Amino acid sequence: MNIYVCIKQVPDTETKIKLNPDQSGIDTAGIKWIISPYDELAIEESLRLRDKNPGSTVTVLAAGPARVVESMRTALAMGADNAIHVELPEAADNNWVAKSLAGALKKEPKVDIIFTGKEAIDDGAAQVSQLVAEYLGISYVTVVLGIEYLPSGVKCKREIEGGSFEMVEASYPVLIAAQKGLNEPRYASLPNIMKAKKKEIKVLKTSDVGTSESDQKIRYKNYQLPPPKQAGKKISGDPAAQAKELARLLHEEAKVV
Amino acid sequence: MTWQTYLFLLLAGAAFSYSAYRFSLLYRLMKGHQGKANRLDHIPERILTTIANVLGQKAVLKKRAAGIMHATIFWGFIIISVGTLEQFVGTLYQGASFEFIGERAYSSLLIVQDSLTAAVLLAVGYAFYRRLIVRPEGLGKSKDATIVLILTGSLMLSILLMNGFHILGSEPWYQGSMPVSNLVAHLLKGFGLTPEFNIAMSTLFKWVHMCIVLGFSVYIPSSKHLHIVAAGPNTFLKTLPREKGMKPINFEDESIQQYGAAKVTDLSWKDALDYYSCTECGRCQDLCPAHNTAKPLTPKMLILDLKNNLYNNKEKILAGKIDEVSPIIDEHVTEDVIWACTSCRACEIACPVFIEHTDKIYDIRRNLVMMESKFPAEVQTVFKNMETNASPWAFASSDRANWADGLNVKTMAEDSQVDVLLWVGCAGSYDDRNKKVLRAFASLLKKANVKFAILGTEEQCTGDPARRIGNEYLYQTLAKANIETLNRYQVKKIVTACPHCFNTIKNEYKDFGGNYEVHHHSQFIAQLVTQGKIKPTKTLDESVTFHDSCYLGRWNNIYEQPRAVLQSLPAINLVEMKSNQDQSMCCGAGGGRMWMEEKIGDRINVARTEQALATKAGIVAASCPFCMTMLTDGVKTKEMQDKVKVMDIAELMDQATP
């Protein structure tokens, strides 16, 4: 099988986000970058699928500035066979990224299955997976918790609202967006880390994948940090009075009910 | 030449050839190991250690009764062997003896031999009593031990009977020099036997004795009694300094394909010598915190299981088929066994023949982690945190200096012209309870007018948790980054409140080009008190018990200074727990256990807390952030937090100092 994984490099969850002085984006200086955790699930799933199907290969793709190569090395160390880096500027939006990834995938001789995370943990947009599938004109299943691989396609268990699940069948080629619970991503072994350092990463420019700045549909103008967290409020009194006061606060101060 | 000469030549020839063959196999098994161990440095120190511990039986005598028993048998074996040699010579050349050394010398030798024979018999009797009646748990059951004791007892009895009959039959001039044998002769006299019969019986018992000795030489290589040959060399070849560091792996060396030990042969020849030296005395196990809280690890069984693994793979190793050697991890040495170790080194300190258990565990962990990515699931987060944020806990490295907010503590970037660098450590930086310890220590340093600075956000985890868990690669990444920072500021002197940081920077950074004068804060504070720079005056008026940190005590031999700090506090009553100093029990956090869940057996921290509570002290003093966490949790589990406080020695000193 020809297996592909699209990953995104995101700031580590512990990062204290700072903004650029002109508020056009976040200040990337000093940020520790990691693979978005949902994308790690996608990588793990691709490796397991490959290992069950001898002769298969896993190719990892990422679109973004030069820094994303580091995360691609991590994916290679986990066990991916090949890597393709599509060079895009820092501010590229979901559409440009998705169209570029799709462009890179179209250049591949045969694509059987594509894995992604259900969303990236930085912007949490959950757009790129679907957009990639749309640009490729293939089926996609998102928020997937379990996959059964059949000869002609997949049977996926996906999470839907209200804590319920639904079963979805789709035929190859298919894109699957992973949800937490699908698997436990592995820790790269040292021999694989060493091998990953020497693997070649194929670089594609926007011109190679048929996209340009005009594919950027969103322009970010004024980033704002969320207001600082306020101290908690303790409501006293007997249970009835507490409930009444809580309802009043939710209605009048928080304005949520 | 008589029939005796021929018989002896035949028997001795057969026994010694077989024995030599068996020893050569043991030697070839040692040579079949791929790991390296260079142990031929500091020869004079090694000789002295060997004299003290082999001839002087120093380590063995740490356990009084059993030690005296062993020393008696050991010295009996040495002196009586002179007599055995005399028998061999006398049998080869009929009538030859050691009488040529002079009448007085020969008589003295006989007196010593004769009395030691009786003493060894008594010691063997005590050994039987211990094995059959007392039955200490660590000793376990051993058929081998029973056989050896019966043989040793028979050796002594055969000597006494040989000499008794000899005295009766031949009345030699030196009979007065054999008081115990004389007593035997006196008893035998009652049978009224003829001199010819007595001479024949003496010859018979000489042969009984010689045959047992020859039998022993055949039996030793395949029994636990191999220690009488291996323990001496093992003592000579032991890791010398008490301040022990882990050995590094050279990741630049591309010829290394295997990191850590997957198979016994990945360990070193010295590890094999360790197994050969093990006498199964169980002292290691008696003090093991994992074993004592019902975990599957016992250091003794680990060594025996590794020895069995080696023997089971004997044919393959001798045939050079190293690839076919079965893995270490099997139904005996399970992954749970390997992860249960807290690296407290109680086993190594207790071992009378200097077996090094922890190195083997580290090597096995290295293989599991780096080659196979197998480790307790919760550890993956720890590794990732260390990789991205240089801390085992998930905190932003930009927050590393927040603990010092409002204290006006300078960073090296702001002012590097200081007396000493304060190495904060991750616990001091991020853990709420330990932040208070660091604030107290910083306050103390200010009171003593010590000019210090911190690295602030430039400090990274020392890498110790990764190294102890087996991720040497991650350790070296962090260690090298820290050394680069420290050397950039030309740091000479470092003080830290964390024994794990202390041990790593002091003993393990030098392998990567980091050479500093490193102090633990207990040493530093003790010195400030001695120099009169700190004058504790406020009365504490409380009983305090001190819990030894393994990485301060057993790893670095620091027992006095933290106690000196506590004793300098006015009106303090220092009470010791039952197990203290090098016999102390680990809190359960060492060896990376701090970041692993304790799923098997009882909780180590609770067991240790119970020992602390038994002293009735109102304060449990710690000198390590991990001990602090473990004991604080233990006190809470025992619901004693309103009566007993766990405090760092720096906090106590800061409170007492105006």
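Q: Which residue forms a salt bridge with B:Arg366?
A: B:Glu472 does, and the closest N and O atoms are 2.8 Å apart. A salt bridge here is a side-chain nitrogen of Lys or Arg within 4 Å of a carboxyl oxygen of Asp or Glu. This is a predicted model, in which local features need pLDDT of at least 70 and side-chain atom pairs count only at pLDDT 80 or more, while totals for chains, interfaces and linings use all residues. Residues are numbered from 1 along each chain as its sequence is written, and side-chain values use heavy atoms, without hydrogens and water.

Q: How is chain B divided?
A: The parts are domain 1 (3-236), domain 2 (264-371) and domain 3 (376-658), with bounds from an automatic or database domain assignment.

Q: How many salt bridges are found across the interface of domain 2 and domain 3 of chain B?
A: The rule finds 2 there.

Q: How many residues are in contact between domain 2 and domain 3 of chain B?
A: 22 residues of domain 2 of chain B are in contact with 29 residues of domain 3 of chain B (heavy atoms within 4.5 Å).

Q: And what area is buried between these two domains of chain B?
A: About 2,100 Å² is buried between domain 2 and domain 3 of chain B, and carbon and sulfur atoms give 64% of that. Buried area is the accessible area (1.4 Å probe) that two parts lose on being put together, summed over both. In domain 2 of chain B, B:Thr293, B:Trp339 and B:Thr342 lose the most area to domain 3, together 23% of what that side buries.

Technical notes: Chains are lettered from A and ligands numbered from 1 in the order in which they are written.
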